Amino acid sequence: MSVISGAGPGVDQDDPQWAGRLPLQRARTGSADDVDADLDATIEMSEAEKARYAAALGEFHPPAASDEPHDPDDLDQFVDTVELAQARRPGADRLSAGPDHDRGPVRDPRLGPDGGQGADEDAPGSAEDGGEPRFRTLESALAAREEAALEERCRAAAEEDPEAASLLGAMLLRRGELDEAEVHLRRAAAAGLRAGANNLGVLLHQRGRRDEAAEWWREAAVAGSAPAAHALGLYLRDRGDEPGAEYWLRQAAEQGHTGGAYAYADLLEHQREAGQAEKWFRAAADAGHREAAYRLGRLLEAGGDPAEAEPWLRQAAARGHAGAALRLGVRLERRGERDEAARWYRQSAQGGEPRAACALGFLLRDGGDEVGAADWWREAADAGDGNAANALGALHASWGEPGMAEQWYRTALAAGDHNGAFNLGLLCAADGREAQAEQWYRQAAYAGHRDASNALAVMLFQRGDTPGAEPWFSKAAEAGSVDAAFNLGILYAGRGDQHDAQEWYARAAAGGHAEAALQLAVAKERRGDLTSAAVRYRQAAEAGSSEAAFRLAVLLERAAEDRFEGEVERWYAAAAEAGHNRAQVRVGVRAAERGDTGTAEHWYRRAAEGGSRSAAFNLGLLLAREGSEAEAMLWYTRAADDGHGRAALRLGLIAARRGDLVQARDWCTRAAEDGPQDVAERAGRLLEALRADLSA
């Protein structure tokens, strides 16, 4: 099976899993402040202006703050609340001119002076084809007409009326006509209008004149402008004036400014005021602020309240927050709710989070869909996720495609993931390229990769370079590698330094290393500390060591106490099932003692086929007793050929009984050589009798 790198080749476009899938989008970068990219979100209107133009504008509807992360160089770093009427915002009350106002020509204020720039290309009859601009709905056409009429009235009054100048400046600022907007906003600001001062700050910031913008924001904030207080707070925060930032952000938050509440909470969390930060994150989240909901969820998680955190993560995820969707997917996957987890991973991935695409790949792989997993891993890897590239490499290696595996491991390494170098080392070692493997291990090890340090040390140790291996074992062990700690124990034991060896075995055993616990148990049993030995044997057995399970059963069986009988059976059975030959023989012997010949034969046969000469001999005895002497002879012979003295003696006796004295002599000779002592003595006596018979 092969997966070809790239967006097109190797993908079945008719695959229902592919249908409707979009390429992974890169997330916007920037700080965590959520702001609205629309200039409408930066513009303020005074209460006087609202009252003066109420008949023309109707009710004002401040929109919810946007949830897009901002670019630190954007205008949006400082303002994110709308106080100007939203003529084109879906769901806002439509603007309506009074009966005595001339509506004027219909013109979408989003278009340029000639009515062409910015036209909706999807709308039929747009300015581009020479026709009159058309609108998607009659409602939007009426709104555009009313705003155009309002602009004409403001232009007529702007020279004499600061409030009209302020409103006109705001409209021009929103359209990006900064030169003309600045003239009108300066007139309004000079007249003391709060909205004019705030909006002039917006314009100046957009032009890069940030210090001057802050002066006007300060004037507007002192006059009670929440958007200006928020903007000024962010300006001061970014210049390191935390006390000033805290004051103005608190002013904005207490006036109900959503962005101000979020920014104030962010500052409080930075100051380690978790309780107050939670209060203001909650206020912003309750107002629909997506990033605040996410941050509140994270704060509650960190405080040990995951149940309360989840609804906030869900709120943020439902509003398209990629990070919240990723965390929600992780929580659901841990709970076993794989289908819903996959849905949130997919949403997060499409929102630009490569880690979610990577997680979705693992979810699909674990469900048996390796091709689907490869598809998502490739998208994540193409977006720079080294973990996904490593996963792709491992998948291709399992498919028998080392060339593709190596390509993806190199991609992971290029993305800064040193697992790539380690995996390249493993790949080269498996292919017999020892020199290259060592180079990759060294590269990863010098970058601090724990397992690469251990692998490099193993390679050096096996080569006989113990001085070169020891520091790498130590580095890996100090970084938490239980395998390296165990290997250090082996290294010190080989030098005869049992004290240091036992210390490293103990560290490895504390990390769950079964063989290290076994080594400790054997040492304690040799010293006669059987209680401590049993504890360590049990630890190793529970961690999966069949040798420890067998030794623990033997230790408990020797205690000859009824209270241990159940545990003896359990550990012998566990070791036998794991393929431990001696345990299989012991289970067979215990079954035979109970008269359960069927079970005994089963385990003798498994052990004998696994190479146990004792099992072969015991199986021969059992078969002989059941009348199957021909098969019994086969197992006796196998055991005797492996050096089992009793099996050789048994064959000698059978041969003598059959009158084959030469063969009997040969088997008795082997029995005398192989022992044990009592067998050798019996074989010797039989040999003397055979010699007498052969001499007669």
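Student: Are Asp-375 and Arg-378 buried or exposed?

Tutor: Buried means under 20% relative accessible area, exposed over 50%, and partly exposed in between, with a 1.4 Å probe and protein chains only. Asp-375 is buried, and Arg-378 is buried as well. This is a predicted model, in which local features need pLDDT of at least 70 and side-chain atom pairs count only at pLDDT 80 or more, while totals for chains, interfaces and linings use all residues. Residues are numbered from 1 along each chain as its sequence is written, and side-chain values use heavy atoms, with hydrogens and water left out.

Student: What do the side chains of Asp-375 and Arg-378 meet in?

Tutor: Side chains of opposite charge can pair when their charged atoms come close. A salt bridge is a side-chain nitrogen of Lys or Arg within 4 Å of a carboxyl oxygen of Asp or Glu. Asp-375 and Arg-378 form such a salt bridge, at 3.6 Å from N to O. Both lie in helix 17 (residues 370-382), and because they are three residues apart, about one helical turn separates them. Helices are DSSP runs (H or I, at least four residues), numbered from the N terminus.

Student: Which parts of the chain does the pair of Glu-470 and Arg-495 link?

Tutor: The closest N and O atoms of the Glu-470 and Arg-495 salt bridge are 2.5 Å apart. This pair links distant parts of the chain, 25 residues apart: Glu-470 is in helix 23 (residues 466-478), and Arg-495 is in the loop between helix 24 (482-494) and helix 25 (498-510). Glu-470 has a relative accessible area of 18% and is therefore buried, whereas Arg-495, at 45% relative accessibility, counts as partly exposed.

Student: How many salt bridges does the structure hold?

Tutor: The structure holds 55 salt bridges. One of them joins Arg-331 to Glu-301, with the closest N and O atoms 3.2 Å apart. Here too distant parts of the chain are linked, with Arg-331 in helix 14 (residues 322-334) and Glu-301 in helix 12, 30 residues apart. Arg-331 counts as buried at 16% relative accessibility, and Glu-301 counts as buried at 18%.

Student: Which residues in helix 10 meet helix 12?

Tutor: Contact means heavy atoms within 4.5 Å. Tyr-262, Asp-266 and Glu-269 in helix 10 meet residues of helix 12, including Arg-295 and Leu-299.

Conventions. Helices (H or I, at least four residues) and strands (E, at least two) are DSSP runs, numbered from the N terminus.
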